[in-house]
Structures are given as C-alpha cells and as structure tokens.
Amino acid sequence: MFSRFKKPEGGTPKAATMAPVGAANAAPKSVAQPAKPATPGLAPARNAPRAPAEAAAADKERKRKDRLQELKVELHKRLLENLNLAALEKATESNLKAEIAAISAEALDEMAVALNAQDRATLNQELYDEVMGLGPLEPLLKDETVSDILVNGPQRIFVERGGKLTLTDITFKDERHLLRIIDKIVSAVGRRVDESNPYCDARLADGSRFNCMVPPVAVDGSLVSIRKFKKEKLGINDLVKFGAFTEEMALYLEAAVSTRLNVIVSGGTGSGKTTTLNALSSFIDNTERVLTIEDTAELQLQQIHVGRMESRPANVEGKGAVTQRDCLRNALRMRPDRIIVGETRGEEVIDMLQAMNTGHDGSMTTIHANNPRDGISRLENMVAMAGIEMPLKAVRSQIASAVNLIVQASRLQDGSRRMISITEITGMEGEVISMQEIFRYERLGMAPDGKIIGRFNATGVRSHYSERFKQWGFNLPPSIYEPIA
Ligand SMILES: Nc1ncnc2c1ncn2[C@@H]1O[C@H](COP(=O)(O)OP(=O)(O)OP(=O)(O)O)[C@@H](O)[C@H]1O
Ligand SMILES: [Mg+2]
C-alpha cells in the first residue's frame, strides 16, 4: 500500500533494519532533513528547557504532557521523513496505524526513551491524528458531547458542552502548528488564508462548520470556530424534552408549518436557530418540493423531495462567487413548493420576501436578532442595504405581508436554549407592523446552582390564523391559548 522511505546513508545504524514496505515509491528524500542523531534520555529540551528541580515539582502530570508533546514533535518530524506521503491516501487506517507504531517505536528506541504502553498508545494516536487528521482538534471532533470548538491562539482551546463553555487542557505546540492545521483544512476545500486573505469559511470533511481568522488581524494568534455537525439532529420531540418549548407550542408550530405560514426563526449566535429550523421542517409534507439554500450546508431535511444548494465564495482570482441571492433567484425557476434559506443576512432578503409574497408560502429562514421586533428592523435594514430605494412604509408592508410568524430562540445564561417567544405578524397599523405574541417564556428566578427557573406561558391571545388552521384540518384546542395564572 504505502511505504517508508529508506533512510539516507548517513542515517543512524538502526535505519538499516527498517525494511521498506512495498518499496515502489521508496526514493531517498530525507537528505533535506537528516534524521537527528540518537539522543540519550528525553531528547532535546530544545524548546522548553526544564530544570531538574522543577521536574520534580508537583505538576507531574503537566510535565508528562509536555514531554509527550516534545516527543510527538520529534516523532512527527521523523514520520514525515519516513512515511511515503504519496501513498498515504490509499493506505487503510489499520495499515497506517501499524506503520506509525513501527516508526515511532524505532525512533523511541533510538532516542532511548522508555514509555509505558498507555503513553505509547496516546502518542501513536496523536501522531496518526497529526498525519491524517486535524491534530489536537481530532479528539474534540470525535467527542460527541462537544458542540462547539473555539480556538483562541495555540494555547487556548475552549469547548462547549451542554451550552456551557469550558477551557480544555489541549493545546497546539505553537502558532505554526495551529497554522499548519488551519492550512490543511482550508486547502482541502481549495481556499487559502494568509496575511492578505486572513479569514475563511469552510466545511470539514464530517460536515462541521469551520471559520478561521489568522494574524495579524487575529492579534494573539489564530482564531478558529467550529460548529460540530450533529448526525442526529434534534427533532421536535427532543426539543420538547430538553425544555426548548412545550407540547402545546409544538402543536401550534405544527399547524403553522403545515398550513404554510412563512416562518422566521430569530435568535442570537448559537441560540439554536438552525436546529429549530431543521426541527420545524419535519412538519413539511413529503409531497412538497423543498429547496434549501445555505452558506454552509447544515440543514438535514427528512423529506424525500429536497434540493440542497450551498453558496460559494470567490476563488483566489476573485472569480466564481455564487451568492445566496444567486441560488435563491435560480431556485425560483426550479419549481419549488417551499424555499428554506439557512440564514438571511444580506441582499438575498429582497428575493426571500418576494418569494414569500408570491406563491412560495411556507418558506422559512433564520435571522440574527434578539427579539421579534428587532428581527423586523433587521429585515428593514437588510432591504435598505441591498440598495432598494423604497419608502419605509412600503418596505414594512412588504415584510408584513411576507412574514407570518417569528419564532424567537435564545440561549439563556445557564446555557439552556429556549424558544422565548412565538409572535405573529398580523398586518400594518399606519406605518407600523402590528404583531401579537402567542407564547412566551417567563423567567421567575434563579436556582442556587445557577439554573434559570421559568416557565412557558400562553399570552391569552388567540392565533390570528385560527381560522386558517381550522380550514386546513388543524383543530387546536382553545385551551392552548389560555395562560396559566
Ligand atoms: N434546545 C436545545 N437544547 C440543547 N442543545 C441545543 C438546543 N438547540 C440547539 N442546540 C445545540 O446548540 C448548538 C447550536 O445550535 P445551532 O447551530 O442551531 O445554533 P444557531 O443559532 O444556528 O447558531 P449560529 O448563529 O452559529 O448559526 C448545536 O450544537 C445544537 O445541537
Ligand atoms: Mg445557524
């Protein structure tokens, strides 16, 4: 499958014993980086010399990690010298792991470093991740409990678990190491980042959403944000179970989506907008043709008739960009029953509103806003910024007739994500868009452990769309609109 390069003549005597496996590609190459001579003990404390007294100090565990990190760097270098990189792609995982284990055992031997079996296994896994995966990020990507990974420079990696951010003890060796991993990610999707082009969006092989910004724009080292892709998206029942909304609200939302109201999910960053949109889409009938448009494809609709589109940034020469607006305009020629735009954030708002107004009712999107009223202002601003010269009243009446419902998602201080408001748009009153809230989350206090105490309640207002629901066969019990005292 693949083979190690033969070590050069001047290599260490051990090298002679390393029989090349499958010698087809075995060309001597490592002249450029001759193998380091064997060093007794832990080789080179080149980067962080450690005094023996300090070595005896209490932080034994950290020392062990540093030592493994140093070894890893050294072994990684040797691996790159010895592995036949061209053949890596075809190698099976177990083949490659065996090969890495062999090379690293040999190198450790040469350096006269003794490691216990567990450290050896950890080291080999990390080396494998370094060669084939995304290095230190790899265990976090595999950890199902992690939903976000946030890197602030090489020494600080935070993760989000259950809505809470925590600092991990995982680090990159230095900024160069971090940059190398970033480069690996962006070059895999044909992009590059450097000083003149310091940020980039990409999608990881597993579907996770990736964004990076590198120095000098990122002041203290590269910034990376990864929203992990969840294979098992949260459904309506999961969200009810997690307390994101109640069964009554779910009933209402089912009626709203099934009767083709145009829905906007509004919320702050990471508040669960995409998750909610995805869950709401489960109410769409299987007979409908749904087209989805996103900057980074995250939605996973369960229907059979779904066409997915993903916008594309310009290439290095500044050509070939396909914007969400381009996709949306094209989508309108593709006979959609419904259009779902992952997030409306720019000029595509015009086409989205038009689509919602002209026969593609039942369309959905998300916007970044902290409450439904702000959501409307965001839409107004986006229309203005798209360069459409229209009196404000006209813009508002467009919005009022396009959008039926705003579902407000929010991440509360305790990390829980809740649908804090379901608000209907009922029309215009003079210059103002009139809205009525149907359900809301009421905060009642805070438990000693920091958990927010609250409840969902109806506002007592009956849905503006009750008649429509009835006509479509959704007979919601009037009690769902009754508030608890
Ligand atoms: N009700 C919920 N309970 C628990 N976890 C949730 C809930 N809603 C969303 N999540 C999780 O929170 C994370 C963020 O959710 P999501 O991607 O939907 O947010 P978003 O508002 O679309 O974020 P962004 O603004 O970055 O696009 C995901 O990992 C998701 O699985
Ligand atoms: Mg999102």
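## Model and overall make-up

This is a predicted model, in which local features need pLDDT of at least 70, side-chain atom pairs count only at pLDDT 80 or more, and totals for chains, interfaces and linings use all residues. Residues are numbered from 1 along each chain as its sequence is written, while chains are lettered from A and ligands numbered from 1 in the order in which they are written.

The chain holds 15 helices and 15 strands. Both are DSSP runs numbered from the N terminus: helices are H or I with at least four residues, strands are E with at least two. Of the 485 residues, 32% are buried. Buried means 20 or more other C-beta atoms within 10 Å of the residue's own; exposed means 12 or fewer; partly exposed lies in between, with C-beta atoms placed from the backbone. Among contacts with a separation of 6 or more, 55% join residues 24 or more positions apart. A contact needs C-beta atoms, placed from the backbone, within 7 Å.

## Helix H12

Helix H12 spans residues 348-357. It is largely enclosed by the rest of the structure, because 8 of its 10 residues are buried. These are Glu348, Val349, Ile350, Asp351, Met352, Leu353, Ala355 and Met356. Their cover includes helices H11 (324-331), H13 (372-385) and H14 (392-402), along with strands S10 (338-341) and S11 (364-368). Gly359 follows H12 and has a positive phi, near 90°.

## Two helix pairs

H13 and H14 pack at about 125°, with axes 10 Å apart. Axes here are lines fitted to C-alpha atoms, for helices over the stretch in contact, and angles run from 0 to 180 degrees between N-to-C directions. The two helices are therefore oblique to each other. Under 35 degrees would be roughly parallel, over 145 roughly antiparallel, 65 to 115 roughly perpendicular, and the rest is oblique. From H13, Ile376, Leu379, Glu380 and Val383 meet Val395, Arg396 and Ile399 of H14. This contact has 5 nonpolar, no polar and 2 charged residues. Nonpolar covers Ala, Val, Leu, Ile, Met, Phe, Trp, Tyr, Cys and Pro; charged covers Asp, Glu, Lys and Arg; the others, Gly among them, are polar.

The axes of H2 (residues 60-82) and H5 (residues 117-132) come within 10 Å and cross at roughly 50°. H2 and H5 are therefore oblique to each other. On the H2 side, the contact residues are Leu68, Leu71, Lys72, Leu75, His76 and Leu79; they meet Asp119, Thr122, Leu123, Glu126, Leu127, Glu130 and Val131 in H5. By class, the contact has 7 nonpolar, 2 polar and 4 charged residues.

## Ligand 1

There are 16 residues around ligand 1, and Ser147, Ala244, Gly272, Thr274 and Thr275 come nearest. A residue counts as near if its C-beta atom, placed from the backbone, lies within 6 Å. The shell has 4 nonpolar, 8 polar and 4 charged residues. Helix H10 (residues 273-280) gives the most to it, with 3 residues.

## Backbone features

The Pro215 to Pro216 peptide bond is cis, with omega near 5°. Pro216 sits in the loop between strands S5 (209-213) and S6 (223-227).

Ala112 has a positive phi, near 55°. Its loop joins helix H4 (93-110) and H5. Ala112 counts as exposed, with 12 C-beta neighbours inside 10 Å. Arg260 also has a positive phi, near 65°. Its loop runs between helix H9 (247-258) and strand S7 (263-267). Arg260 is partly exposed, with 19 other C-beta atoms within 10 Å.

How values were computed:
Two residues are in contact if their C-beta atoms, placed from the backbone, lie within 7 Å.
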